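Here are some questions and answers about one protein model. Keep the picture open while you read.

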Amino acid sequence: MKVYVAAAFERRRDAEEAAGIIRRAGHLVVSSWHKVDTGKKYDPEDVSVMSVIAERDLDELAMAGVIVVLTDGVESHGGKHVETGVAIGDGKRVIVVGPRENVFHSLSEIIVVDSIEEAVAAIAR
């Protein structure tokens, strides 16, 4: 299965660790944003850079059959919520790892689990 891993940018190391577990289970992780190892955040006002990143992320998400979203229960903003919304709109399977963070995580088709290992099991179903 082709999988996109979404999380807050600050949790990119957790996302990369989750991607490794998913890969070892035999799935193809198509997201690449979590491989970025930088100590700085991108400037959201730098449209020339941000638009390229956004297009890449959307292209990778389009390849996936399932999105695994890492949450931590903290009210947040950012790309993971957009990516989740796109996935829901496209009819992709959505697996939330952690607590629900917004109303859309309560939809009946959303799978909510407590660990990445449970997510891997859900991907296989």
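Two strands pair if DSSP finds at least two bridges between them; helices (H or I, at least four residues) and strands (E, at least two) are DSSP runs, numbered from the N terminus. This is a predicted model, where local features need pLDDT of at least 70, side-chain atom pairs count only at pLDDT 80 or more, and totals for chains, interfaces and linings use all residues. Residues are numbered from 1 along each chain as its sequence is written, and side-chain values use heavy atoms, leaving out hydrogens and water.

Q: In what order do the five strands form the sheet?
A: The sheet is open, and the pairing is parallel. β2 (28-29) and β5 (111-113) stand at its edges, each with a single partner strand, so one side of each has no neighbour in the sheet. Read across, the order is β2-β1-β3-β4-β5.

Q: Which residue in β5 is the bridge partner of V96?
A: Look at where β4 meets β5: they run parallel, and three bridges join them. The partner of V96 in β5 is V112.

Q: How many bridges join β3 to β4?
A: Let's take both sides of β3. Strand β1 (residues 2-6) runs parallel to β3 and is joined to it by four bridges, with V3 partnered by V66. On the β4 side (residues 93-97), V68 stands opposite I95. β3 and β4 also run parallel, and the number of bridges joining them is five.

Q: Why is β3 largely enclosed by the rest of the structure?
A: Check both faces of the strand: V66, V68 and L70 lie on one side, I67 and V69 on the other. Buried means under 20% relative accessible area, while exposed is over 50% and partly exposed is in between (1.4 Å probe, protein chains only). β3 (residues 66-70) is largely enclosed because the number of its five residues that are buried is five.

Q: What is the relative accessible area of I67?
A: I67 sits in strand β3. Contact means heavy atoms within 4.5 Å, and, not counting residues up to four places away in sequence, I67 touches several residues, including Y4, L61, E83 and V94. I67 is buried, and its relative accessible area is 0%.

Q: With which residue's side chain does the side chain of E60 make a polar contact?
A: You'll find E60 in helix α2, buried with a relative accessible area of 9%. A polar contact is a pair of N or O atoms within 3.5 Å; within protein, one must be able to donate a hydrogen and the other to accept it, and residues adjacent in sequence count only if both atoms are side-chain atoms. At 2.6 Å, the side chain that E60 contacts this way is that of S32.

Q: How far apart are the C-alpha atoms of E60 and V3?
A: Along the chain, E60 and V3 are 57 residues apart.

Q: Which element gives the largest share of the lining of the largest pocket?
A: On a 1 Å grid over the protein atoms alone, a pocket is an open set of points where a 1.4 Å probe fits, with protein on both sides within 12 Å along at least five of seven lines; lining residues have an atom within 4 Å of a point. Of the 22 lining residues here, the closest to the centre are F9, M50, D57, G78 and G79. The elements giving two or more residues to the lining are α2 (47-63) and α3 (79-89). The largest share, six residues, comes from α2.
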